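Take a moment with the sequence and the model below. Then follow the chains one at a time before turning to the place where they meet.

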Amino acid sequence: MSGSAEETKKHVDIYMKVAGALAVLTVLTVLASYLDVAVPLAIIIAVIIATAKGSLVVSYFMHLVDERSRTLIFTLALTVVFWIVLMLVPFLTISDTYGVHKPLPNADAAHAEDEAH
Amino acid sequence: MEIPYTVAARPDTGLNNVKLGIWLFLASEVMLFGGLFSTYVILRIGGVDWPLGAEYLNIPIGAFNTAVLIGSSVTMVMCFASLKLGDFAKYRMYMGATILLALTFLAVKGFEYYEKVSHDHLPSHSTFLAIYWTMTALHGLHIVGGVIVNGYFWGPGSRMWHVKREMFENRVEAAGLYWHFVDLVWIFLFPVLYLL
């Protein structure tokens with residue numbers, strides 16, 4: 001952030017609005033966790049809300065929205081690319097099981113119990 | 001010898017060295033925490049049985065700490081704005097509030113850890129608790145680091161304001177960028193560990 005006192009005051013107004021949005025999104029995060037939905041959907045909802053909150057922090061509190069340095073933008077873009085690679089690593093660890101039906105170890109436990117009776 | 005480009009932007013990067021340095025550090029931090037989040041995903045999709053966070057953790061306490069940390073990010077950004085407006089007294093007030101909120105976060109986290117230890121919910125108890133302790137403790141150490149740096153800029157380091165105003169503003173901006181990053185990490189840690 002740079003510039004005159006007027007500009008700084010405008011920024012302060014934006015900070016307050018962002019703070020309000022973050023508070024609302026935090027409440028939404030908690031409320032969404034009480035929704036009776038399947039775990040994958042719950043994860044998607046939580047990640048979307050967290051990403052929205054994170055974007056607000058990075059864009060306005062960290063002033064990335066005003067940033068014009070190509071060096072910085074390139075560095076951060078490269079970081080994002082490597083971060084995505086890092087996040088995809090877990091899926092490589094199970095790539096040999098794609099398409100293979102692999103029941104959980106105790107998946108037929110109830111059935112086995114019935115047979116015993 | 002004076003270190004160049006601590007205030008003025010370097011012509012080739014378009015940034016002063018303070019800002020470039022802290023952003024490069026934060027990029028490395030993204031990879032550090034990214035590695036742990038990636039590990040969490042591996043453990044979670046590989047685990048036969050994974051508890052809901054609420055089975056071990058207290059959601060209202062976690063939500064309270066989230067609000068505290070977001071509040072501290074707001075006061076931190078107001079520190080910088082106060083310096084830009086030339087209001088040193090307000091800067092000190094906001095920086096003091098940031099430090100107090102950070103200490104509140106640590107106190108609440110300490111209470112949570114005490115609860116875990118008293119129920120024997122240690123990292124060795126389960127994979128979930130192992131990753132919980134690892135991620136939150138590393139994040140907590142970052143908070144401690146932030147408190148030390150912010151404490152310095154609130155106290156003895158703030159003398160620079162009267163001598164080299166712009167350099168001090170840049171330092172506070174760098175400390176702020178770090179602090180917002182710590183807040184950002186918690187924004188993702190809270191739903192991942194407590195709510196899912």
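What follows is a walk through each chain, then through the contact between them.

The model is predicted, so read every value here as computed from that prediction. Start with chain B. Its secondary structure comprises 7 helices and 0 strands. Reading from the N terminus, the order is α-α-α-α-α-α-α. The C-alpha trace of chain B spans about 60 × 35 × 25 Å along its principal axes. Chain B has 196 residues, and 38% of them are buried. Consider also how far apart in sequence the contacting residues lie. Among contacts in chain B with a separation of 6 or more, 75% join residues 24 or more positions apart.

Now pick out one helix of chain B. Helix α3(B) covers residues 59-84, 26 residues in total. From its first C-alpha to its last, α3(B) reaches 38 Å. That is close to the 38 Å expected at 1.5 Å a residue. How many of the 26 residues of α3(B) are buried? The count is 19, and α3(B) is mostly covered. Look just past the end of this helix. There, B:G86 takes a positive phi of about 75°.

Next, find a pair of helices in chain B. Helix α1(B) holds residues 17-46, and helix α5(B) holds residues 127-154. Their axes come within 11 Å and cross at roughly 175°. Angles over 145 degrees count as roughly antiparallel, so α1(B) is roughly antiparallel to α5(B). Which residues meet here, between α1(B) and α5(B)? From α1(B) come B:L36, B:T39, B:Y40 and B:L43. From α5(B) come B:T127, B:I131, B:T134 and B:M135. By class, this contact has 5 nonpolar residues, 3 polar and no charged.

Turn to chain A. Here there are 4 helices and 0 strands. Along the sequence the pattern is α-α-α-α. Chain A has 117 residues, of which 13% count as buried. In chain B, the buried share is 38%.

Finally, bring the two chains together.

Notes
Residues numbered from 1 in each chain as written. Chains lettered and ligands numbered in written order. Predicted model: local features only at pLDDT ≥ 70, side-chain atom pairs only at ≥ 80, totals over all residues. Helix = DSSP H or I, 4+ residues; strand = E, 2+ residues; numbered from the N terminus. Expected span 1.5 Å × (residues − 1). Buried ≥ 20, exposed ≤ 12 C-beta atoms within 10 Å, placed from the backbone. Axes fitted to C-alpha atoms, helices over the stretch in contact; angles between N-to-C directions. Parallel < 35°, antiparallel > 145°, perpendicular 65-115°, else oblique. Contact = placed C-beta atoms within 7 Å. Nonpolar A, V, L, I, M, F, W, Y, C, P; charged D, E, K, R; others polar.
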